[in-house]
Amino acid sequence: KSSKPRIRVCPSAMPSMMRIAAAGACVLASASAFAPSGGLPMPVRGNALAASRSTGAPRTGALALKADSEVDPKSLVGKFSRMIENKDLDHLRDGNIRFRQNALAKDPDYFKRMASSQKPQFLWIGCSDARIPANEIIGLDPGEVLVHRNVANQVVNTDASCMSILQFSTEYLEIPNIIVCGHYECGGVNAAMSKNDHHAPLENWIRSIRDVRRLHNEELSKITDMKDRAKRLVELNTLEQAKNVYKEAVVQRRRTYTNIRNGDPTPRIFAMIVDPKTGEITDLGFDSTDYPELDDIYLLYDQDMAQAAYADKDESYRKRPSTFRTRRMYNRMPVTVVAAKKATAAADDRVSALLSKLQTSDGDKGMMKELEEIKSLLNNK
């Protein structure tokens, strides 16, 4: 008998075609369902698993997969087989040791700084594709970029994870730059160009990319080469997601406040594309002023009213407004500047009258009643 490890997928219990399908399903399971080649179709994976279950054959991991004499043990398939069989993650631990050693060699205080706090200057909203690592692509170290990734770099207002990272980065970390980064050869975009049902929840997610395709169908339909059409859809999808960032209330609040304070609305929003063939990153030149419909439809805060609320004092940015003046800025109802000033004047008159009572003999009860009325008035604004 050969001492070399062998690969076997339950040969005694499964027909040859089922063995091939099962082995293929197991090896490709580590790849994305949206690989540029289209990935392994869901029915094939499902049939492979169903076949192994129906035979009652023993399995290790996803399916029984062992090293075979005709497969090089050093190859990807051989390593993958042994990892499933032995749960061998030593190479990951070795990689972590090398990472820590290299980091400490360059900076002995590296991990002390990482543990103390983070002050990233960029929020990266990118694709989950394993070929597009955020830090490495733009040459920044850990701690310098806050990263959020999903299939095809989507910014969907019903996605609690994405909305949470936008709020956290904007309100609490006060990150001044948001990058939405797509990439060519995107499997999610390729899937949206097909007429296949990728099954829920993946198909539900892809539908938003199909919506982008519909919005720009006139332009896309003029591109006859399908590869060029897919590349353009990648760009259009990235631009649409940058628009979606701009639409978000938490982003608009921060941009309004920073514009009042220093004339520079932040966070700034960028749309970028990475080409996996070259590693080159390209700025698509997103500028909200190029899309006047954004402000016409999605602008939530009256800029003049916000200016009136903050111009007379150096008030810091409030994450959760609790005073009358900040409520006027955050109020989403169509309140005019004149109405806001009248309300302020009325409240000021009441306070002045109350202060004058301190010199009279009306007593504490009357003063407390007046204070409660003013408090009620302010809370209703």
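Analyst: Here is a run through those labels, each set against its cut-off. This is a predicted model, where local features need pLDDT of at least 70, side-chain atom pairs count only at pLDDT 80 or more, and totals for chains, interfaces and linings use all residues. Residues are numbered from 1 along each chain as its sequence is written, and side-chain values use heavy atoms, with hydrogens and water left out.

User: Why is Tyr110 called buried?

Analyst: Buried means under 20% relative accessible area, exposed over 50%, and partly exposed in between (1.4 Å probe, protein chains only). Tyr110 comes out at 10%, so buried is the label.

User: And what makes Phe99 partly exposed?

Analyst: Phe99 has 38% relative accessibility, so it falls in the in-between class. Phe111 gets that label too, with 30%.

User: How do you know that Phe99 and Phe111 form an aromatic pair that is edge-to-face?

Analyst: Rings of Phe, Tyr and Trp (its six-membered ring) pair if their centres lie within 6.5 Å; planes under 30 degrees apart are stacked, over 60 edge-to-face, and the rest tilted. Phe99 and Phe111 sit 6.0 Å centre to centre with 80° between the planes, so they pass on both counts. Tyr110 and Phe111 pass as well: their centres are 4.9 Å apart and their planes at 90°. Ring pairs link Phe99, Tyr110 and Phe111 into a cluster.

User: Why are E1 and E3 called paired?

Analyst: Two strands pair if DSSP finds at least two bridges between them. E1 and E3 have 5, in the parallel sense, so they qualify. For Gly126, the bridge partner in E3 is Cys181. Strands here are DSSP runs (E, at least two residues; helices are H or I, at least four), numbered from the N terminus.

User: Why are E2 and E5 said to stand at the edges?

Analyst: The open sheet runs E2-E1-E3-E4-E5 with mixed pairing. E2 (145-150) and E5 (281-283) each have a single partner strand, so one side of each lacks a neighbour in the sheet.
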